[in-house]
Amino acid sequence: MSELTITLMRFGLLALLWVFVFSVAGVLRGDIYGIRVVRRRSTVPAQPGLSRSEQRAREKAEKAARKAQSRLATHLVVTDGPLAGTSLPLRDAGTIIGRNPEASLVLDDDYASGRHARIHRDEVGWIAEDLGSTNGTYLDGERLTTPTRVDVGSQLRIGRTVVELRR
Amino acid sequence: MTAVAPARVRKGRGIELVLLLFAVGIVTLAYCNVELAVNDALPPNLLVQVGWLLGVALAFHLVLRWRASYADPILLPLATLLNGLGLVMIHRLDLAHGRDLGSSLALRQLIWTAVSVVVALVVLVVLRDHRVLRRYTWTFGLGGFVLLLLPLAPGIGRAVNGSRIWIGLGPFTFQPGEIAKITLAIFFAAYLVTTRDALSVAGRKVLGLTLPRGRDLGPIVVVWLLSVGVLVFESDLGTSLLFFGIFVAMLYLATERISWIVIGLLLFCVGAYVAYLMFGHVQTRVLLWLHTFSPEALKASDQLAKGIMGMASGGMFGTGLGNGRPDITYFAESDFIFSSFGEELGLIGVFAILMLYVLFVERGLRTALGTRDGFGKLLAAGLSFSVALQCFVVVGGVTRVIPLTGLTLPFLSYGGSSLLANWTLVALLLRISDQARRPEPDPGVRPSSSSEETQVVKLR
């Protein structure tokens with residue numbers, strides 16, 4: 001066999017090894033781009049030049065506008081607490097939040113119960129339900145006593161964690 | 001613990017198959033390259049030999065489709081490629097030494113590959129949930145310590161090249177430390193997941209470092225004594241470093257306290273220094289490491305020097321497979337296989353191989369991140385860290401970063417026990433990753449759940 005063939009094979013082998021490495025790295029991009037880490041809303045700085053009441057009014061208007069688009073939420077986003085930024089898709093059968101490792105959103109929070117709260121779906125929309133937790137679940141500042149409808153943008157507080165429904 | 005949700009779950013079995021064929025293709029090219037360079041002709045039984053590797057890999061792939069369909073798609077192709085490249089290099093050294101089929105090391109390595117894959121598949125099929133392993137915490141722990149100390153037992157222990165890390169049963173020799181790596185990782189994971197709360201209780205703060213309480217130092221001292229014992233009586237720094245390193249890393253993972261790493265490193269330095277002062281064989285290793293090319297060191301062993309000269313002659317692109325002289329170094333197919341690759345594939349080639357290990361370890365750690373139970377997290381992270389540390393010890397040894405020790409490079413080096421242990425390790429990682437990537441089962445509607453009070457449950 002000629003010297004040329006062997007040289008070609010030799011460099012071809014090195015090239016193929018690196019092509020393999022990069023194709024594996026290409027498959028791994030999912031690890032970086034496949035996960036949605038959503039920025040916390042509260043970290044967006046208040047716009048200068050607007051007074052507090054103006055800002056609040058603007059936020060209210062935004063909220064109303066969001067509600068007007070009556071599409072349903074698809075994601076649960078943690079907006080405050082140790083897991084801030086985590087996002088996970090809501091599932092129709094129910095998403096359990098708590099400290100139990102079997103829960104969908106596993107909280108590392110001393111103030112949360114094992115199975116703390118559940119968000120599930122009925123014909124109209126999403127329903128949040130407290131699963132008899134010790135410290136309670138708060139929807140927009142009010143403690144949940146019965147399963148209650150949650151809309152996009154309303155905040156659910158569990159221990160030190162605040163979660164929000166997003167589209 | 002955190003919940004990180006991928007946007008959509010892909011099983012990835014198709015990607016795995018493509019990468020697997022790609023890996024076998026690379027191995028085939030390398031094999032043809034060796035044969036053409038050495039014998040000037042393609043091997044007559046090319047298809048048979050490549051067919052074996054392909055068959056073994058495809059069998060693994062099919063079992064994954066059947067029993068762990070959400071398992072990580074990258075681990076299997078990486079392991080197959082490394083194993084195949086190792087086979088090619090061992091075959092190339094067979095040719096250089098003129099070994100025929102009967103004494104061929106490559107054939108034995110191929111048989112061991114098949115045996116190891118079968119064992120790994122049995123593990124995958126039998127073990128449906130890795131959490132079952134937790135039930136046998138102390139069995140694994142005791143088994144691991146016995147395996148580690150087995151080479152010291154009179155009668156079956158064998159000292160090869162000054163290191164007493166082998167056991168011989170009739171014609172078979174075995175390195176039990178390789179298997180102990182896995183059983184001890186299981187034991188450490190199961191032990192630490194139950195005791196981590198106690199171990200992470202802070203004691204005094206010294207120089208900005210929160211030290212643990214004195215009474216919590218027990219476990220680390222026990223493992224330290226064991227690893228110093230291995231260093232002294234089996235005269236094997238590599239195994240000693242590997243076990244102590246795995247324990248300290250998992251302790252850190254479980255407790256999130258940097259002070260454990262500091263304590264561990266200090267303890268290891270003290271142990272290693274005392275061993276250096278007291279034992280001649282440790283001093284020889286250090287002499288070979290620091291003054292490799294001095295006359296005294298060359299008189300003791302010129303193995304390391306030859307390995308380094310080989311890598312130097314390889315340069316950037318290597319001499320090409322079959323054109324170098326890696327066979328001059330003793331143990332070029334096991335301890336020094338990295339030097340052999342350095343000589344024939346060059347810096348570019350060995351960096352590709354190191355990247356394969358990096359990707360392998362990355363997949364293991366990613367599995368640990370994705371798993372939602374604490375035991376699985378610790379086990380996956382511990383196993384992948386053990387692969388990383390073993391690569392560091394071996395590659396660091398042949399490139400004179402640390403003293404040379406007799407460990408094998410996972411998948412690449414010649415050695416049945418190493419292959420068996422590492423394929424089993426792959427099976428365990430795949431099993432955990434299957435659980436990590438599988439979408440959660442529906443919790444279902446539990447009508448009574450809203451009326452239940454949260455209870456304090458005591459597990460122990």
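The structure holds zero disulfides over all chains, a disulfide being a pair of cysteine sulfur atoms within 2.5 Å. This is a predicted model, where local features need pLDDT of at least 70, side-chain atom pairs count only at pLDDT 80 or more, and totals for chains, interfaces and linings use all residues. Residues are numbered from 1 along each chain as its sequence is written, chains are lettered from A and ligands numbered from 1 in the order in which they are written, and side-chain values use heavy atoms, with hydrogens and water left out.

Q: What ipTM does the model score?
A: Two overall scores come with the model. The pTM is 0.78, and the ipTM is 0.85.

Q: Which residues of chain B have a pLDDT below 50 and 23 contacts beyond near neighbours in sequence?
A: pLDDT is the predictor's confidence in each residue, from 0 to 100. Chain B averages 84, and 90% of the residues score at least 70. Below 50, with 23 contacts beyond near neighbours in sequence (contact: heavy atoms within 4.5 Å), is the stretch of residues 1-7.

Q: Is Val24(A) buried or exposed?
A: Val24(A) is found in helix α1 of chain A; helices here are DSSP runs (H or I, at least four residues), as are strands (E, at least two), numbered from the N terminus. Buried means under 20% relative accessible area, exposed over 50%, partly exposed in between (1.4 Å probe, protein chains only). Since its relative accessible area is 0%, Val24(A) counts as buried.

Q: Which residues of chain B is Val24(A) in contact with?
A: The buried residues of α1(A), as a set, pack against α1 (13-39), α3 (75-97) and α13 (337-370) of chain B. Leaving aside neighbours within four places in sequence, Val24(A) itself touches Leu19(B), Ile74(B) and Leu359(B).

Q: How does Cys391(B) count, buried or exposed?
A: Take Cys269(B) first: its relative accessibility is 49%, so it counts as partly exposed. Cys391(B) has 8% relative accessibility, so it counts as buried.

Q: What is the bridge partner of His75(A) in β11(A)?
A: β1(A) is also joined to β11 (residues 161-166) of chain A, by five bridges, and the two run antiparallel. In β11(A), the partner of His75(A) is Arg166(A).

Q: Which residues have the most contacts inside the largest nonpolar core?
A: A nonpolar core is a set of buried Ala, Val, Leu, Ile, Met, Phe, Trp, Tyr and Cys residues joined through side-chain atoms within 4.5 Å. The largest has 134 residues, and those with the most contacts inside it are Phe60(B) and Trp423(B).

Methods: Two strands pair if DSSP finds at least two bridges between them.
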